[in-house]
Amino acid sequence: MEADSASADIIVKHYNTATRLENLTENVEKKTFKGISNSEGNGGAIYNTSILNLISDSGVITFKDNKASENGGAIYNKGGMLNLMTTGNMVFAGNTANGVSNAIYDNGGTINLFAAGGANIVFND
């Protein structure tokens with residue numbers, strides 16, 4: 001399903017396509033968002049305007065080398081609620097927005113980061 005950032009609640013970009021999702025809770029293990037590019041705006045891999053719960057019970061979630069032409073190399077959160085929860089590790093590395101290191105950009109929303117059981121959320125952007 002094609003969507004643009006102006007009309008979607010949540011857009012998850014993957015290989016230059018966009019999917020509209022509403023109030024998403026995604027349980028993932030060993031998921032990699034790598035090399036995803038948005039040359040027309042905000043959010044290289046994910047553009048969120050609603051509620052996004054990205055949860056990993058184990059394994060590593062990686063956001064690597066994603067790019068946005070404006071803000072949020074990996075994730076752009078516009079007025080939404082973004083919950084990143086892991087008992088594995090979550091790694092942000094090499095993400096850029098407008099040519100500058102930038103993993104997550106928040107525009108009037110709420111971002112919660114939870115790492116439990118010895119897990120880490122690491123930013124290397």
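Modeller: This is a predicted model, and in it the protein has 17 strands and zero helices. Of its 125 residues, 42% count as buried, and among contacts between residues at least 6 apart in sequence, 74% join residues at least 24 apart. The accessible surface comes to about 6,100 Å², with 45% of that belonging to carbon and sulfur atoms.

The part to look at is strand 8, which covers residues 60-64 and runs parallel to strand 12, residues 89-93, the two being joined by five bridges. Strand 12 is in turn joined by four bridges to strand 17, residues 121-124, and this pair also runs parallel. Across these strands one can follow a series of phenylalanines, for Phe63 stands opposite Phe92 in strand 12, and Phe92 stands opposite Phe123 in strand 17.

Phe63 and Phe92 also belong to the largest nonpolar core, which has 17 residues, and they are among those that touch the most other members, together with Phe33, Ile46, Ile75, Leu84 and Ile104. Strand 8 and strand 12 each supply at least two residues of this core, as do strand 7 (51-56) and strand 11 (81-86). Ile75 shows how these residues meet: leaving aside residues up to four places away in sequence, Ile75 touches Phe63 and Phe92 as well as Ile46, Leu82, Leu84, Ala103, Ile104 and Tyr105.

Thr62 is also found in strand 8. With a relative accessible area of 18%, Thr62 counts as buried because that value lies under the 20% cut-off. Beyond residues up to four places away in sequence, Thr62 touches Lys31, Thr32, Phe33 and Val91. Thr62 and Ile121 are 59 residues apart in sequence, yet their C-alpha atoms are 9.9 Å apart in space.

As for confidence, the mean pLDDT of the protein is 79, and 76% of its residues reach 70 or more. Confidence is highest in strand 13, residues 96-97, at a mean of 96, and lowest in strand 2, residues 17-21, at 41. Where pLDDT is low, the predicted coordinates should not be read in detail.

Notes
Residues numbered from 1 in each chain as written. Predicted model: local features only at pLDDT ≥ 70, side-chain atom pairs only at ≥ 80, totals over all residues. Heavy atoms only, no water. Pairing = 2+ DSSP bridges. Core = buried A, V, L, I, M, F, W, Y, C linked by side-chain atoms within 4.5 Å. Buried < 20%, exposed > 50% of the residue type's maximum accessible area, 1.4 Å probe, protein only. Contact = heavy atoms within 4.5 Å. pLDDT = per-residue confidence, 0-100. Areas by Shrake-Rupley, 256 points an atom, 1.4 Å probe, with all protein chains shown as cover.
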